[in-house]
Amino acid sequence: MRIKNIKKVGMITGFSIILASSIFVFNESRNIADVSNEKVVYSDISEQVKGVQHEKKQKEVKKKKPSKNEKGAYNVSGTLIVNKKYGLDEDYTYEDNQELYDEATAAFEKMQQDAEKDGVWFHIVSRYRSYAVQNWVYENYKKDREDVDTFSAQPGHSEHQTGLAFDLNGEDQETSSNEKFEGTEQYKWLRKNAYKYGFILRYPKDKKDITGYKFEPWHYRYVGTDISYDLKDGETTLEEYFNLE
Ligand SMILES: [Zn+2]
């Protein structure tokens, strides 16, 4: 009698294991969404499904790696990328992207005119800087500033070498390339309107861990309206937008 019972229990257990395994194998091969909808109760199976879903998600958010073109500049989905990680070749100049440079000039002029109509005037403090000039700027800062890398780019890593970055200011010299620019009417206008012309705030607040730079309310980058409309909140970096490596 005892032996019979043990046999019975053994059979039932064995059967359950086979049943559970076959359900698992069956579910594994099916669409994840279908499995979720059926509310699978086996906790170990749910864990497995979660694992697969997580893996799938990881694949979707795989970071993008910009590629270097023959002119010596990194691009991702057709947009020029210059940051701490991706630099330009020493001989790269704005002329290597003349068409885009001219497009940016026209966009800026239109923006400047429209701002003036609203009674706001600003001008370009700094736009194109060659590799050599950037080298000079960086080395000069480095002499007496330990935190040089939080506000000045190493040669080859400045967006200004593309000619697509614009440092803007009004008449007040004190707000030129200075945090104080945030308090100006020019900044308010730009935050509200720059995206309409294809410009983005390149170094937003509290993004130093991503861009490597402190907040730069004066630095705008021309990216074209397709992207600038997506980034009009002025809180998302280009690195986050493209999910860069
Ligand atoms: Zn700048």
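Two strands are said to pair if DSSP finds at least two bridges between them, and the strands themselves are DSSP runs (E, at least two residues), just as helices are runs (H or I, at least four residues), both numbered from the N terminus. The structure is a predicted model, in which local features need pLDDT of at least 70 and side-chain atom pairs count only at pLDDT 80 or more, while totals for chains, interfaces and linings use all residues. Residues are numbered from 1 along each chain as its sequence is written.

With these terms in hand, we can look at an open sheet of 3 strands, which has the order S1-S2-S3 with antiparallel pairing. Strand S1 (67-68) and strand S3 (79-81) stand at its edges, and because each has a single partner strand, one side of each is left without a neighbour in the sheet. S1 pairs with strand S2 (residues 74-76) over 2 bridges in the antiparallel sense, and Ser-67 stands opposite Asn-75 in S2.

Another open sheet has 4 strands in the order S4-S5-S7-S6, again with antiparallel pairing. Here strand S4 (123-126) and strand S6 (199-201) are at the edges, each with a single partner strand, so one side of each lacks a neighbour in the sheet. S4 and strand S5 (residues 165-169) are joined over 3 antiparallel bridges, and the bridge partner of His-123 in S5 is Asn-169.

Helix H6 (residues 185-193) holds the buried residues Gln-186, Tyr-187 and Leu-190, where buried means that 20 or more other C-beta atoms, placed from the backbone, lie within 10 Å of a residue's own, exposed means 12 or fewer, and partly exposed lies in between. The face of H6 turned away from this buried side carries the exposed residues Lys-188 and Lys-192.
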